Amino acid sequence: MSEYTIDNRARLLLLASFLYEKSDENHGLSIDDIRIYLESVGIPVNRKTLYKDIQCLNELGHDIVMEKIGRSVYYHIGARRFELAELRLMIDAVQASHFLTEQKTKDLIRKLQSLASDYDSKGLENNVYISGQRKAINKSIFYLVNDLHQAIRDDHKVRFQYFQWDVNKKAELRHEGAFYDVSPWAMLFDHENYYMVGYDNRIGKMHHYRVDKIKNLSIVQEPREGKAYFDSYDMQAFTQSTFGMFHGNIEHVRIRASYDLAGVMIDRFGRKIEIKDNKDGTFDFEVDVRVSDQFLGWIIAVGENVRILSPESVIDRMKEIAKRLKIIY
């Protein structure tokens with residue numbers, strides 16, 4: 001590389017960029033194609049120099065493949081940082097992410113498309129329909145997530161205000177605008193939302209907060225608290241036992257369901273649940289659940305082929321919900 005001047009290095013960068021944008025395994029470029037492009041941007045170059053440049057880029061780790069078709073020779077980028085299928089998967093994930101605003105979604109998709117050739121990027125247009133799609137309106141969430149990760153990495157507390165939406169679709173600060181002082185320990189992505197899990201100094205226990213409802217976040221230059229609480233906090237058990245991230249008292253619940261609902265129950269509670277086959281078309285299992293109206297509503301929504309067997313306190317709460325629904329409807 002010592003023989004390359006600054007101007008020559010600029011030519012190398014332009015050559016690499018042109019190959020990444022305009023070539024792939026189905027679209028090769030001839031030496032004349034490359035030469036004409038470089039001359040169009042004010043860099044005259046001869047064929048011998050281009051051969052050396054391509055060799056240099058290969059030595060630097062760029063996978064430039066030479067292919068002979070008939071009597072002509074073409075060059076294209078072989079291996080890229082991401083395969084096309086990987087880019088499609090990431091674009092679909094970005095499109096489906098509720099916590100991203102529409103504008104940030106478009107920006108990220110455009111950046112991901114730029115990692116493919118111009119020809120392949122056209123095939124990366126969003127062709128996936130996301131059922132019930134809705135996008136965040138809090139445009140700062142993208143940076144909030146980054147700030148929270150930084151606080152966790154640097155072992156710092158955070159301070160913020162927390163809000164909820166009122167009937168006029170306006171952000172209403174909770175606790176009359178009081179600031180929350182929290183030691184963040186982990187980030188959790190659940191049901192299309194980001195949550196920060198942290199030790200709340202005010203209530204003296206672990207709690208979770210939806211990131212898109214956080215306002216005026218600042219990183220406090222103080223070491224985090226509550227490590228012992230977090231070390232005993234089973235994140236996987238928490239997510240499996242919590243419905244819609246609503247709190248409730250943990251109860252050991254026994255459930256009976258029909259055979260056809262086995263997949264539904266395993267998907268929701270995990271493969272570790274122990275199933276007792278009743279040999280009559282039904283099975284029983286037990287699970288620790290944070291009992292909330294959301295959990296009981298989920299049981300109702302699954303249908304008549306599932307019911308709670310114990311404890312009585314949870315059954316009584318289900319009966320109360322049924323009674324309330326009957327009065328309303």
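Mentor: The protein chain has twelve helices and twelve strands, which are DSSP runs numbered from the N terminus, with helices (H or I) of at least four residues and strands (E) of at least two. This is a predicted model, where local features need pLDDT of at least 70, side-chain atom pairs count only at pLDDT 80 or more, and totals for chains, interfaces and linings use all residues. Residues are numbered from 1 along each chain as its sequence is written, and side-chain values use heavy atoms, with hydrogens and water left out.

Of the 329 residues in the protein chain, 39% are buried, meaning under 20% relative accessible area with a 1.4 Å probe, protein chains only. Now to the core itself. The largest nonpolar core holds 28 residues; such a core is a set of buried Ala, Val, Leu, Ile, Met, Phe, Trp, Tyr and Cys residues joined through side-chain atoms within 4.5 Å. Phe-160, Met-196 and Val-211 have the most contacts inside this core. Elements giving two or more residues to this core include helix H4 (84-96), helix H7 (141-154), strand E3 (156-165) and strand E6 (193-200). H7 provides the largest share, six residues.

Look next at Phe-160: leaving aside residues up to four places away in sequence, Phe-160 touches Met-196, Tyr-209 and Leu-217, among others, where contact means heavy atoms within 4.5 Å. A second, separate core has 21 residues, including Ala-257 and Ile-308.

Key
Buried means under 20% relative accessible area, exposed over 50%, partly exposed in between (1.4 Å probe, protein chains only).
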